[in-house]
Every structure is written in C-alpha cells, then in structure tokens.
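Subject: Structure for you to look at

Hello,

Please find the structure below, followed by notes on what was found in it.

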Amino acid sequence: ESCSGLTSITIGNSVTSIRDYAFQYCSGLTSITIPNSVTSIGGYAFNGCRNLTSLTLGNSVTSIGYAAFWGCRSLTSITIPESVTSIGEGAFGECNNIQEVTSCAATPPAAASCGLNHTSCTLYVPSEYLEAYQNAVWWENFKKIRAIGSDWDVEFVDWDGTILATIKVPDGEAATAPADPTREGYTFIGWDKEVVAATGSETYTAVYEA
C-alpha cells in the first residue's frame, strides 16, 4: 500500500486472493495482470492507482470488492470475465475515462452502484446474452448495449431506390461510401446524412442538385 514508486508487479499462479488495500495508492503502476488462480479481489485493492492504463482479470475471478479500482482514472476499457458474479459498490468509481465495458458472464453479475457510467460507456456482451443484459437490473440502464463482434448491414441507395452498395460493417466502425453516383442533368452533392460509426443497420440515400 502507498508504494508510489512501484512500477510493476508479478502475481504468481499460486495466489488465490488479493486482500483489502493490497496495492492501494501504488500510483506508479501502469498495468496489472490478475492470474487465473485468483478468485477474489478485495476492497480498495487497487484504489487510487491513477496511472493504471491496462487491467487484465483472470478467468477465475468471481468477486471484485468494494472500491477495488476506485480512482483508476487512466483506464479506458475493462473486460469482465465470465466467472465474475459480483462487483462491489464503487469498484470502478471515479474511473471517468472508461468508454468500453465488455462482460463475458452468461448471467449479468450483481453490480449495482459499481461506478460505471451508463451514459458514456458502451457495454459489449456475447450476442447470445444480449437480451439478458438488456433486461437485467442495473445493466439495463446502459444507453448503448452491443453484441461482441456484431456486423451491421449498411446500404447506399440512389435517388430512385436502386441499391448502389450493401456493406457489412463491424459494430462501431464507419462504412466506406461507394464511388459517387451519377444522374443525368444533376450533380451529386452527397448523402442524406453523415456517414458515421455503425451501431445498427443503416441506409444512406444519394442527394443531387439540378
């Protein structure tokens, strides 16, 4: 605890739990890998590790304790393994820069008040569990819930409805528009809306000026 000069740690495969406050305020840490042998992470275990940019949780972790990663403001994404059943209150509190959360658990973990922002974070889950998360207490509040690895059909159509191109686009990526179409007596001036990152199937229609 409070070893601010500590820059790296290696946790052996015989370790089964990380106890309360173990690495609190070790602000020099930039990455942490929790081995598969660990089943629980205690309260405040990595609280205040503000320079932590990479977090890998082993696939045997079942519980993440109260405020375990509170104030880890350099984290931008986290992956919750399928073994996790509970995430403590404030576990990711003040982790204001997390933009992506991936949860692999078939049953949405108990996570009320864990600190993740429902508005700014995009939640990714396996496609077969998508409905479960959309209807689960607390998880249902995420504004954006996406299936992992999902592709979306993006269509570009001409003024008369003719399909110019149908492109499969990975979730969160923008489609590349086809070559500018032509229409006799008109000049193509663009599409009816800005081509943005796909979060669902989308259609763009060619717009012309006489």
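Buried residues make up 42% of the 210 residues in the protein, where buried means under 20% relative accessible area, exposed over 50% and partly exposed in between, with a 1.4 Å probe and protein chains only. This is a predicted model, so local features need pLDDT of at least 70 and side-chain atom pairs count only at pLDDT 80 or more, while totals for chains, interfaces and linings use all residues. Residues are numbered from 1 along each chain as its sequence is written, and side-chain values use heavy atoms, with hydrogens and water left out.

Overall dimensions

The protein has a radius of gyration of 22 Å, whereas a compact globule of 210 residues would have one near 17 Å; the radius is taken over C-alpha atoms, and the globule rule is 2.2 Å times the number of residues to the power 0.38. Along the principal axes, the C-alpha atoms fill a box of roughly 75 × 35 × 30 Å. The accessible surface comes to about 10700 Å², and 45% of that belongs to carbon and sulfur atoms (Shrake-Rupley method with a 1.4 Å probe; for residues, only the protein chains shown count as cover). Of the contacts with a separation of 6 or more, 32% are between residues 24 or more positions apart, contact meaning heavy atoms within 4.5 Å.

Sheets

The protein has 1 helix and 14 strands. Both kinds of element are DSSP runs numbered from the N terminus: helices are H or I with at least four residues, strands E with at least two. Two strands pair if DSSP finds at least two bridges between them.

An open sheet of 4 strands, with parallel pairing, has the order β6-β8-β9-β10. β6 (77–80) and β10 (144–147) stand at its edges with a single partner strand each, so one side of each has no neighbour in the sheet. Neighbouring strands here are turned by 20° against each other on average, direction ignored; axes are lines fitted to C-alpha atoms, for helices over the stretch in contact, and angles run from 0 to 180 degrees between N-to-C directions. β6 and β8 run parallel and are joined by 4 bridges, and serine 77 has glutamate 100 in β8 as its bridge partner. Between β8 (residues 100–103) and β9 (residues 122–125), also parallel, there are 3 bridges. Valine 101 is opposite leucine 123 in β9.

Another open sheet of 4 strands has mixed pairing and the order β12-β11-β14-β13. At its edges are β12 (163–170) and β13 (187–191), each with a single partner strand, so one side of each is left without a neighbour in the sheet. β13 and β14 (residues 202–209) run antiparallel and share 4 bridges; tryptophan 191 has alanine 206 in β14 as its bridge partner.

Aromatic pairs

A search of the whole structure finds 14 aromatic pairs. Rings of Phe, Tyr and Trp (its six-membered ring) pair if their centres lie within 6.5 Å; planes under 30 degrees apart count as stacked, over 60 as edge-to-face and the rest as tilted.

Phenylalanine 69 and phenylalanine 92 have ring centres 5.5 Å apart and planes at 5°, so the pair is stacked. This pair links distant parts of the chain, 23 residues apart: phenylalanine 69 is in the loop between β5 (63–64) and β6, phenylalanine 92 in the loop between β7 (86–87) and β8. Both phenylalanine 69 and phenylalanine 92 are buried.

For phenylalanine 188 and tryptophan 191, the centres are 5.2 Å apart and the planes at 70°, so the pair is edge-to-face. Phenylalanine 188 counts as buried at 17% relative accessibility, and tryptophan 191 counts as buried at 17%. Phe156, Tyr186, Phe188, Trp191, Tyr204 and Tyr208 form one aromatic cluster.

Individual residues

Alanine 67 lies in the loop between β5 and β6. Although not a glycine, alanine 67 has a positive phi of about 55°, and at 3% relative accessibility it counts as buried. Serine 2, in the segment before β1, has a positive phi of about 65° and is not a glycine either; at 43% relative accessibility, serine 2 counts as partly exposed.

Serine 27 is in the loop between β1 (17–18) and β2 (31–33) and is buried, with a relative accessible area of 9%. Leaving out residues up to four places away in sequence, serine 27 touches Ser4, Gly48, Cys49, Arg50 and Asn51.

Regards
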